Amino acid sequence: MRWEFGRRSTNVEDRRGSRISAPVVGGGIGAIVLSLIVALLGGDPSVIWEQTQAPSNPNSESSQTERSATGDDRLADFVSVVLADTEDTWNSLFRQMGRTYVEPKLVLYSGAVQSACGYARSAVGPFYCPGDQKLYIDLSFYRDLKNKYQAPGDFAQAYVIAHEVGHHVQTLMGISNKVRAAQSQLPQEKANQLSVRQELQADCFAGIWAHHAQRSRQVLETGDIEEALNAASSLGDDRLQSQARGYVTPDSFTHGSSAQRARWFKQGIQTGDPAQCNTFATTNL
């Protein structure tokens, strides 16, 4: 992916190395809400409540050495460029729809973070909090993406950011509120199905960004689309469940299968039209 000469976003908030206190189990409505969100997204809500040691001071020699050794500063620069590119894309598309795009903040953190949705450890992975309209990512996730999920490549990393931005787009469009309201009236299995459709639409919106980024700024290199499709497939519920426990339970899916995630990301890339991402209006996911 050609990103080095791209514009850097001013909406990045670097909290790496910040000290925060883990909540006491049983206290804090925000942590309860976030644990429910994590459960709906297919994660393990227990990670919300685990105690953790505070990260080191970001100005300490050991912290600076670690960042340099892991390339986190280069990754931070990378996500700033990707975020800026999503801003350019969605600002333009919202203007075409007669709307105003409110740019989200992206928070970099290490170990654990406090958001409007509550306290979270990095084990939950990248997430979007509609309460403060911010994206949160511990850059160590990218090592997991490469090594644990077998999805290397900078465009795979960009897909992760674009997917979370997709959830922000859903929030601005009122889609997220409608989904949450509907889920509150449904049994768990039906609520999960709505969650799958919401996640697949975010995948499609990520593809929308890729389409317009390539058309306007020629960011793609050979193999980039394959990297992103591989990342989408690697994070499918069927693959993750099979790896974790050796079998698959489709009724518990919250993000969609590998094939579904790849299909909807490709739908966005091929069409470039947000109207073609209406996963809630199709029987064929």
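**Entry 1. Cavity**

I began with the lining of the largest cavity, where S6 supplies the largest share, 3 residues. The model is predicted: local features need pLDDT of at least 70, side-chain atom pairs count only at pLDDT 80 or more, and totals for chains, interfaces and linings use all residues. Residues are numbered from 1 along each chain as its sequence is written, and side-chain values use heavy atoms, with hydrogens and water left out.

I searched the whole structure and found 1 cavity of 30 Å³ or more. I took a cavity as a set of points, on a 1 Å grid over the protein atoms alone, where a 1.4 Å probe fits but cannot get out; lining residues have an atom within 4 Å of a point. Its volume is about 30 Å³, where a volume is the space filled by probe spheres set on the points, and grid points are joined across faces, edges and corners.

I listed the lining as Leu 106, Pro 126, Phe 127, Leu 135, Tyr 136, Ile 137, Ile 161 and Glu 164. These residues divide into 7 nonpolar, no polar and 1 charged; Ala, Val, Leu, Ile, Met, Phe, Trp, Tyr, Cys and Pro count as nonpolar, Asp, Glu, Lys and Arg as charged, and the others, Gly among them, as polar. Strand S6 (134-137) and helix H6 (154-172) each supply at least two residues of the lining. Helices (H or I, at least four residues) and strands (E, at least two) are DSSP runs, numbered from the N terminus.

**Entry 2. Sheet**

I then traced an open sheet of 4 strands, ordered S1-S2-S6-S5, with mixed pairing; two strands pair if DSSP finds at least two bridges between them. Strand S1 (12-14) and strand S5 (127-129) are at the edges with a single partner strand each, so one side of each has no neighbour in the sheet. I noted an average twist of 25° from one strand to the next.

S1 and S2 pair in the parallel sense over 3 bridges, and Glu 13 stands opposite Val 107 in S2. S2 and S6 also run parallel, joined by 4 bridges, and the partner of Val 107 in S6 is Tyr 136. S5 and S6 pair in the antiparallel sense over 3 bridges, with Phe 127 opposite Tyr 136 in S6.

I next checked the helices on this sheet. Helix H4 (residues 72-96) touches S1 and strand S2 (105-108), and its direction makes about 170° with that of S2. H6 touches S2, S5 and S6, and its direction makes about 25° with that of S5. Contact means heavy atoms within 4.5 Å; axes are lines fitted to C-alpha atoms, for helices over the stretch in contact, and angles run from 0 to 180 degrees between N-to-C directions.

**Entry 3. Hairpin**

I looked up strand S3 (residues 112-115) and strand S4 (residues 118-121), which run antiparallel and are joined by 4 bridges. A hairpin links S3 to S4 through 2 residues. Gln 114 has Tyr 119 in S4 as its bridge partner.

**Entry 4. Salt bridges**

I counted 9 salt bridges in a search of the whole structure, each a side-chain nitrogen of Lys or Arg within 4 Å of a carboxyl oxygen of Asp or Glu. One of them joins the side chains of Arg 8 and Asp 77 (2.7 Å, N to O). Arg 8 lies in the segment before S1 and Asp 77 in helix H4, so the pair ties together parts 69 residues apart in sequence.

Terms used: 1 Å grid on protein atoms, 1.4 Å probe; cavity = no way out; pocket = protein on both sides within 12 Å on 5 of 7 lines; lining within 4 Å.
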